[in-house]
Amino acid sequence: MSALLEIKGLTKAYPGVVANDDVSFAIQPGEVHALLGENGAGKSTLVKMIYGLVRPDAGTMTLNGADYTPSEPRAARASGVAMVFQHFSLFEALSVAENIALGMEDPPKPRDLAQRIHDVSRTYGLPLDPARLVGDLSAGERQRVEIIRCLLQDPKLLIMDEPTSVLTPQEVEILFHTLRKLSAEGTAILYISHKLEEIRTLCDAATILRLGKVVGECTPREVSAAQMAEMMVGKSLSQPARDEAEPGEVLLTVAGLSMEPASPFGTPLRHVGLEVRAGEVLGIGGVAGNGQDELLAALSGERRSAPGAVEFKGAPIGDTGPEARRKLGLLCAPEERLGHAAAPDMSLTENAVLTGRVRKGLDQNGFVGWGKAKGFAEEIIARFDVRTPGPDVAARALSGGNLQKYVIGREILQDPDVLVVNQPTWGVDASAAAAIRQALLDLAQNGAAVIVISQDLDELLEISDRFCALNEGRLSAPRPARGLSMEEIGLMLGGAHDMHEVEAAQ
Amino acid sequence: MSIDLVALTVALITVSTPVLLAAIGELVVEKSGVLNLGVEGMMITGAVVGFVTAVETGSPTLAFLAGMGGGMALSLIFAVLTQLLLSNQVATGLALTLFGLGLSALLGVGYPGQTPPVVTDPFPAALAEILVVGPILFGHSLVTYLSVLLVAAVWYVLAFTRTGLILRAVGESHEAAHALGYKVVRIRILAILFGGACAGLGGAFLSVVRVQNWIEGMTAGAGWIALALVVFASWKPWRVLFGAYLFGGIAALQLRLQAAEIGVPVALLDASPYLVTIIVLVLISSDRSRAALNAPAALGRVFHASS
Amino acid sequence: MIRLEKRPTPSRFWSLSTPVIAVILTMIAGGLMFAALGQDPVEAIRVIFWDPLFHPQFASYSRPQLLVKAGPLILIAIGLSLGFRAGIWNIGAEGQYIIGAICGAAFGLALYPSENILIFPGMVIVGALGGWAWAMIPGILKTRFRTNEILVSLLLVYVAEAILASAATNWLRNPEARGFPGSRNLARHPGTDNPELIAGTGMHWGVVAAFIAVIAAYVLLNRHVLGYQIKLAGQAPRAARFAGVEPTRLVLLCLGVSGALAGMAGLFEVSGPAGQISIDFNSGYGFTAIIVAFLGRLHPVGILLAGLLMALTYIGGELAQLMLGVPAPAIQAFQGMLLFFLLALDVLSNFRIRFGTGRAAA
């Protein structure tokens with residue numbers, strides 16, 4: 001059988017880093033091919049080259065036996081290569097139909113397009129209303145927009161970049177169903193992920209990347225997840241560990257917290273209630289866009305609420321600002337590292353002052369003690385193994401994992417009574433992620449209460465004592481995390497509703 | 001005291017036309033995600049270039065084309081700086097206005113007081129003599145009709161064509177548009193040039209048709225009012241037309257009130273178009289849901305494809 | 001193919017040297033402009049940049065003018081730079097300057113003909129309050145109704161000019177001037193005058209205030225928490241809110257400070273160099289100060305130097321008009337060009353220019 005896409009010796013270097021180094025592999029027609037690797041292994045650069053967004057420095061690609069050198073995504077689409085992005089390719093203020101039209105070469109007339117969207121979504125079990133604004137859709141629905149946009153062009157190769165990171169377990173099932181159907185019809189799928197179990201269920205072949213190089217190939221069904229993990233990371237990782245302990249007094253209580261969103265496409269919070277005790281980790285799961293950012297803002301004090309809606313050690317603090325809450329001992333680390341948790345163009349020393357000023361006494365009579373601030377920055381760097389030339393480097397010069405260690409470290413070293421983190425290991429390499437999880441567990445061990453908001457369910461099950469789910473701004477009742485199955489979690493996350501639609505469509 | 005409503009309406013349309021042209025151009029620029037605060041500078045450059053051309057060649061058509069060219073030339077500076085050299089749009093727009101004011105004064109030395117050729121109206125004079133509707137509908141220069149047609153055209157293109165869809169998409173999220181393979185920078189440069197041509201034409205209309213003279217700084221904030229109109233209109237073309245005529249009505253009315261010497265202080269009348277613009281801006285912006293939905297999400301943000 | 005590559009940290013070398021290169025490029029482009037106007041370019045550049053300081057005949061007159069003109073530019077630009085750093089765009093300093101001058105002058109004239117030594121300090125305070133209040137209008141509209149402060153502050157300049165016209169011809173008019181517009185001369189009346197402090201230097205209280213403002217802004221930005229918060233809000237607004245910076249407070253503070261400084265500058269001008277409230281006593285300092293702020297890279301010391309340079313072009317422009325017959329507006333175009341070159345060269349401090357096979361995306 002001749003390969004659909006054959007890649008030979010692809011190389012792409014950026015200043016200071018070789019993103020892809022002599023990468024070669026082949027994808028067969030109708031095959032579901034996994035591209036596996038950690039964050040920063042070079043997966044994104046590789047697919048951008050296949051999709052014509054980036055031009056390789058060296059190497060060749062052949063599609064169906066012919067030379068393939070797409071100069072832009074349009075050329076790639078014309079050759080039958082389509083891509084579903086992880087982020088950044090939808091327009092919130094435009095309708096579903098408009099979004100789809102923008103991704104097509106010659107879109108049909110609006111009315112015909114609406115009909116075709118309807119047809120394709122029915123055929124593949126992906127219900128979608130062409131007239132709705134994308135901004136009003138859930139993450140899973142947005143992904144359907146992208147998939148349908150690709151399918152309308154009858155691609156020979158469909159590239160999917162981390163497609164399940166925004167889906168509930170039930171939605172993942174639907175997606176896999178669609179992908180298998182496509183594969184059976186002869187469409188090859190290049191499936192990018194770092195989730196091993198998924199790859200084992202879905203993929204026919206896998207190519208593993210590490211630090212820009214191909215380090216192995218395998219048939220996922222025939223090897224264990226642990227074997228693949230070792231190929232991917234290059235070493236075996238220790239599981240985070242902690243001792244069992246009885247939770248102490250209640251430190252933070254949220255009751256009847258409702259809040260309108262700050263942006264037009266934000267999610268309102270509806271009667272959110274929770275409590276955390278000293279020494280425990282509360283995990284809050286949920287698919288992106290269900291109110292995670294809003295909940296963090298309400299806890300950090302960026303958004304105010306009624307005084308009694310948030311109570312810290314029994315004292316109402318709902319109407320206080322971030323500084324006052326920090327002073328009391330309630331600290332937060334938001335999801336977006338650059339621009340929210342840290343100022344990209346400021347040095348690490350300046351970023352240390354960002355949240356550390358009050359508790360670390362980095363100012364006197366309003367004047368910043370830069371020497372002290374630098375000392376604090378150096379302490380974070382040393383204690384949390386942040387790889388950087390020094391505290392004078394701008395935050396944006398750090399890799400995702402290192403900056404995340406810095407941000408989390410900055411809060412932990414301030415000795416919080418309650419720490420709230422959102423997506424603590426998002427886009428972070430495996431060893432940094434393990435270090436961050438361990439640090440959070442150690443913090444709880446030492447008597448602090450920790451709230452972890454995350455979309456990574458495996459992570460939550462690994463470190464939480466209790467688990468609750470955030471769905472459309474509502475928080476479910478907590479359940480003990482131990483022994484919770486994926487099925488049960490999926491129901492908590494509110495995936496059941498979609499299942500019915502699919503069954504109806506089939 | 002009596003104010004002739006027909007004459008007032010005619011004056012209103014003439015007063016509004018330069019602002020309307022500049023505003024509809026800026027609307028397209030902003031829809032593509034670019035904030036060009038240099039409208040005043042482009043307008044005044046269009047005014048001086050148009051006037052000089054009119055006096056030197058005696059041809060109003062050439063004058064209007066030259067005015068558009070002048071506005072476009074200035075907008076090209078803005079386009080190169082903000083799109084290729086990634087400069088801050090607010091600062092660059094301000095620089096464009098300051099530069100345009102100086103350049104226009106320089107180019108216009110010796111021209112104040114010169115007489116431009118008379119611009120003939122497209123409709124026969126007999127039509128314009130019909131009672132009431134005649135002067136209002138048929139008594140204008142071709143550019144005035146063009147300005148209304150332009151509003152219609154912009155509305156149609158933005159709402160119903162693929163070009164309009166791509167333009168809106170680029171203004172909504174340049175990352176997404178780039179990921180789909182659209183040439184963000186090229187599209188934005190074209191939009192900026194269109195805005196420059198519109199502002200330049202508006203300026204030329206002001207000097208050649210409305211005032212029929214060149215006076216330093218004669219735009220007197222019209223470019224800023226055009227910018228305010230775009231916000232007022234929540235980025236919708238027909239509302240720009242409405243806003244421009246509203247502004248023109250107040251400007252024309254206050255001139256008449258001054259002439260009528262009623263008891264209102266002159267300073268207040270002089271300031272009234274600006275005060276009304278501010279009040280309207282406040283009313284619009286306090287309605288948060290509406291303003292936020294129509295504003296292009298990428299407005300004013302620098303785009304650099306980091307690949 | 002040329003492409004831009006973002007630097008991990010902005011280049012210190014380029015951010016210091018771009019203003020100098022911009023000045024040189026402006027001289028070249030300005031020379032071409034003067035050549036197009038039929039002047040000898042080298043001669044014109046010399047008259048503008050050299051003669052005001054060293055001309056055997058004119059320098060004694062023009063040298064003190066350097067401080068007289070730089071004073072208000074620096075004072076206003078320092079105020080503006082705080083807001084610009086925080087992403088708050090007050091571009092109506094010209095209006096705040098006018099209103100400050102009118103308020104301060106009205107205070108002094110209300111007490112006329114008293115010569116009490118407390119009158120002048122009182123005028124300074126009232127002038128600052130006037131500018132502050134005028135800047136509070138866009139400030140409050142922005143914080144209460146989220147109205148764009150750029151448009152409001154700018155539109156208010158035209159309102160201020162209308163008020164100035166009515167003050168000069170009507171309610172502040174000198175009753176002894178037989179109907180001529182313009183107020184009494186404040187500079188020639190003891191008690192309301194802002195005198196030259198050291199003869200032959202041009203140094204008046206406004207220049208002193210400008211120097212104090214430079215030092216205060218330097219300390220604020222480099223040492224004080226407030227300066228840190230201003231920078232943070234400008235660079236990363238979301239991070240600033242997370243840190244606990246109140247956007248409302250910052251908007252009011254930045255607009256208020258810049259308005260007060262602009263108002264003070266107006267008062268110093270009207271009680272000194274200009275002498276009286278007249279219909280056109282304002283000479284566009286409020287707008288030129290925007291160029292000064294950017295040319296000085298929003299840094300207090302940079303603004304000090306940029307203010308002096310911009311003052312030099314003003315005086316040089318006047319000299320060029322006198323000696324060579326260069327039209328007055330040429331210098332305004334020249335200043336605009338300077339800002340363009342600076343903005344264009346800014347790219348060098350944040351990006352590396354690469355030539356090569358790599359594709360410039362987009």
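Q: Which residue stands opposite Val84(A) in strand 7 of chain A?

A: Two strands pair if DSSP finds at least two bridges between them; strands (E, at least two residues) and helices (H or I, at least four) are DSSP runs, numbered from the N terminus. In this predicted model, local features need pLDDT of at least 70, side-chain atom pairs count only at pLDDT 80 or more, and totals for chains, interfaces and linings use all residues. Residues are numbered from 1 along each chain as its sequence is written, with chains lettered from A and ligands numbered from 1 in the order in which they are written. The residue opposite Val84(A) is Met160(A). Strand 6 and strand 7 (residues 157–161) of chain A run parallel, joined by four bridges.

Q: What is the strand order of the open sheet in chain A?

A: The order is 6-7-8-3-9-10, with mixed pairing. Strand 6 (81–84) and strand 10 (213–218) of chain A each have a single partner strand, so one side of each lacks a neighbour in the sheet.

Q: Which strands does helix 5 of chain A lie across?

A: Axes are lines fitted to C-alpha atoms, for helices over the stretch in contact, and angles run from 0 to 180 degrees between N-to-C directions. Contact requires C-beta atoms, placed from the backbone, within 7 Å. Helix 5 (residues 139–151) of chain A lies across strand 6 and strand 7 of chain A, at about 175° to strand 6.

Q: How many residues does each chain give to the contact of chain B with chain C?

A: Chain B gives 47 residues and chain C gives 40 residues.

Definitions and conventions:
Contact = placed C-beta atoms within 7 Å.
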